[in-house]
Structures are given as C-alpha cells and as structure tokens.
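Subject: Structure for you to look at

Hello,

Here is the structure I said I would pass on. Please open it first, then read the notes below.

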Amino acid sequence: MPLAYIPSPPSGELHVGPFPLRAYAFFIIIGVLLAVWLGNKRWVARGGTHGTIADVATVAVPCGIIGARIYHVITSPALYVHDPIRALYIWKGGLGIWGAVAGGALGAWLYCRKRGIKLAPLADAIAPGIVIAQAIGRIGNYFNQELFGRPTTLPWGLTISPDNPNRIPGAVAYHPTFLYELIWDLGVAGLVLWADRRFQLGRGRAFALYVAAYCSGRLWIEALRVDPANHFLGLRLNVFTSIIIGALALAYLVLRRGPRETEVERPAATAGPEDAIELSQPAAGSDGT
C-alpha cells in the first residue's frame with residue numbers, strides 16, 4: 001500500500017472539548033458563514049445594504065437544506081424505502097446540490113420580493129460564496145466516508161472502513177471524488193471572482209458562470225463515483241441534470257446583455273413587491289471582489 005494513501009477518519013464526529021459535533025453539519029455551517037460574509041462584502045460594494053445577505057440567508061438557507069434533502073431522497077429512494085425515517089437523518093449526509101440551489105433560490109426570491117430587492121444582482125453577489133461553501137461542505141463527506149469514486153492505485157487514493165456499504169471487494173483505495181470536487185469548486189470561485197471583476201458581470205451572469213463552470217466539473221467527477229444512483233437515459237441522474245442545467249446557464253451567460261445594475265435595493269421601510277423592478281440610475285462603485 002503506498003504511504004500516500006489518504007486514510008479515512010474513524011468517526012463522523014469532531015470533538016470540541018467534551019462536546020461531540022457532527023462533522024457534516026459543522027462544515028456546512030462554516031461554509032454558510034463564509035458565504036454570508038463574502039456575499040455581504042460584495043453586495044455592499046454593489047450598492048446594497050450591510051446585513052441584507054444575512055437577512056436573506058435566514059430564509060434561503062433553511063429552504064435550501066429542505067430542497068437539498070428532498071432532491072436527494074427523490075433521486076435515491078432505494079436508500080429509504082425500507083426505513084423512511086432515515087430520510088430525516090440529514091446529519092448522516094445526503095444533500096443534493098440542485099435541490100439546495102432550487103430551494104435556496106425560492107427562499108431568496110420570496111424575501112427579495114417582499115423587500116424590493118433585485119434577485120439577479122443578489123445572486124451575482126453570493127455566487128462565489130455559494131461555491132466556496134460547497135467546497136467546505138465536501139470535507140463533511142470525507143468524515144462520513146461517502147461520495148468516493150472507483151478503485152484506484154494512484155498515490156492519493158482514499159482508504160475506507162471495511163464495513164462501508166459501498167466498498168468494492170478486493171479494492172484497497174478509491175478516487176477521493178469529494179476532494180476533486182472541493183478543488184474544482186475553489187477553482188470555480190476564483191474564476192467567478194476574476195471574471196466578475198474583469199468583465200463587470202451583472203444581471204445574473206456571474207451566477208450563471210458559477211453554475212456553468214460547476215456543472216462542467218460535476219460531469220467528470222460524477223462519472224467516477226460508485227455510490228448507488230438512479231439513472232436516466234443511461235446516465236446517472238446527476239450527470240443528466242448537470243448537462244441540462246449547465247447548458248441553460250451557459251446560454252444565459254452568452255445571451256444575456258446589459259450593464260451591471262447600479263442600484264439594487266430599496267430602503268427596507270419603503271420596499272414592497274411593487275418595488276422589485278429593475279432600476280437603472282448610474283452610481284459609481286467597486287465590484288467588491
């Protein structure tokens with residue numbers, strides 16, 4: 001066995017003094033906090049109000065978690081058909097990114113509609129933070145010994161516990177696909193930050209770039225995974241979903257035109273659903289990246 005093989009942790013818990021913490025939940029929380037911090041910084045630079053991103057997160061994050069779990073359960077029903085209560089065990093892993101984006105977007109839209117906030121520039125502001133949060137969340141998959149790939153003899157192969165249900169007989173190490181996605185996600189965040197600054201992306205185009213770039217990586221990473229998954233048209237469902245969503249995001253990125261929004265938020269005291277319209281009065285400012 002190569003000395004460089006990555007060992008798996010013996011437990012899915014982290015201990016802070018005498019207190020055990022579920023590693024999966026811990027890293028999701030850390031990712032959300034970093035996403036809110038970066039999103040707030042970028043939102044203020046676009047002319048938004050300090051604290052708006054945190055306010056949106058109080059609605060979008062719970063909606064995103066619910067959506068992520070629903071997507072996972074729907075796309076992997078065999079895991080829960082004999083024990084439905086397990087569908088509630090979120091701390092054991094199983095959050096689908098597409099459900100998270102859909103649920104979070106719905107929550108954010110509802111909040112923005114109430115407050116008179118433009119959703120597109122808000123999405124642009126939070127896009128890099130979202131993909132960084134995804135990267136950090138993948139560390140939780142490492143602690144849960146999940147989302148690994150096919151057997152490999154590469155020096156950075158991952159060893160897993162003998163009782164892991166997805167273990168392949170005779171295999172010594174596996175592709176650490178969660179690590180591949182972590183690295184890819186950080187690269188996507190860097191790409192979005194650079195392109196947003198270089199091209200002054202607006203009107204949802206920075207968010208579309210994030211989605212398109214993430215999907216392109218998810219295609220080859222998903223192809224390496226060996227965990228059970230439903231198939232559609234001969235492909236793992238997440239591969240098919242990545243192709244469709246990635247193509248739509250790329251089309252939006254190419255076809256959407258117009259300068260970046262320069263006024264993005266009404267004062268909370270006066271905002272209402274009728275204020276959630278596109279505003280176009282010019283104002284100078286940095287892109288906050």
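Which side chain does Arg-236 meet in a salt bridge? The partner of Arg-236 is Glu-222, at 2.9 Å from N to O. A salt bridge here is a side-chain nitrogen of Lys or Arg within 4 Å of a carboxyl oxygen of Asp or Glu.

Before going further, note that this is a predicted model, in which local features need pLDDT of at least 70, side-chain atom pairs count only at pLDDT 80 or more, and totals for chains, interfaces and linings use all residues. Residues are numbered from 1 along each chain as its sequence is written, and side-chain values use heavy atoms, with hydrogens and water left out.

Overall layout

The chain has 7 helices and 4 strands; these are DSSP runs numbered from the N terminus (helices: H or I, at least four residues; strands: E, at least two). Their order from the N terminus is β-β-α-α-α-α-α-α-β-β-α. Of its 289 residues, 46% are buried, where buried means under 20% relative accessible area, exposed means over 50%, and partly exposed is in between (1.4 Å probe, protein chains only).

Salt bridges

The count of salt bridges is 10. In the pair from the opening question, Arg-236 sits in strand S4 (residues 235-236) and Glu-222 in helix H6, 14 residues apart. Arg-236 is buried at 10% relative accessible area, and Glu-222 is buried at 1%. Both belong to a network of salt bridges that also links Arg-218, Arg-225 and Asp-227.

Asp-196 meets Arg-42 at 2.7 Å, N to O. Asp-196 is in helix H5 and Arg-42 in helix H1, so this pair ties together parts that are 154 residues apart in sequence. Both Asp-196 and Arg-42 are buried. Arg-138 meets Glu-181 at 2.9 Å, N to O. Because Arg-138 lies in helix H4 and Glu-181 in helix H5, the pair joins parts 43 residues apart in sequence. Arg-138 is buried, with a relative accessible area of 12%, and Glu-181 is buried as well, with 3%.

Helix H5

Helix H5 covers residues 177-199; at 1.5 Å a residue its 23 residues should span 33 Å, and its end C-alpha atoms are 32 Å apart, which agrees. The expected span is 1.5 Å times one less than the number of residues. The buried residues of H5 include Phe-178, Leu-182, Val-188 and Val-192. What do the buried residues of H5 pack against? They pack against helix H1 (23-45), helix H4 (119-143) and helix H6 (205-224). Just after H5, Gln-200 has a positive phi of about 50 degrees.

The nonpolar core

The largest nonpolar core has 21 residues. Such a core is a set of buried Ala, Val, Leu, Ile, Met, Phe, Trp, Tyr and Cys residues joined through side-chain atoms within 4.5 Å. Those with the most contacts inside it are Trp-98, Val-188, Val-192, Leu-209 and Tyr-210. Helix H3 (97-115), H4, H5, H6 and helix H7 (237-255) each supply at least two of its residues, and H6 gives the most, with 9. Leaving aside neighbours within four places in sequence, Trp-98 is in contact (heavy atoms within 4.5 Å) with residues including Tyr-71, Tyr-214 and Ile-245.

Regards
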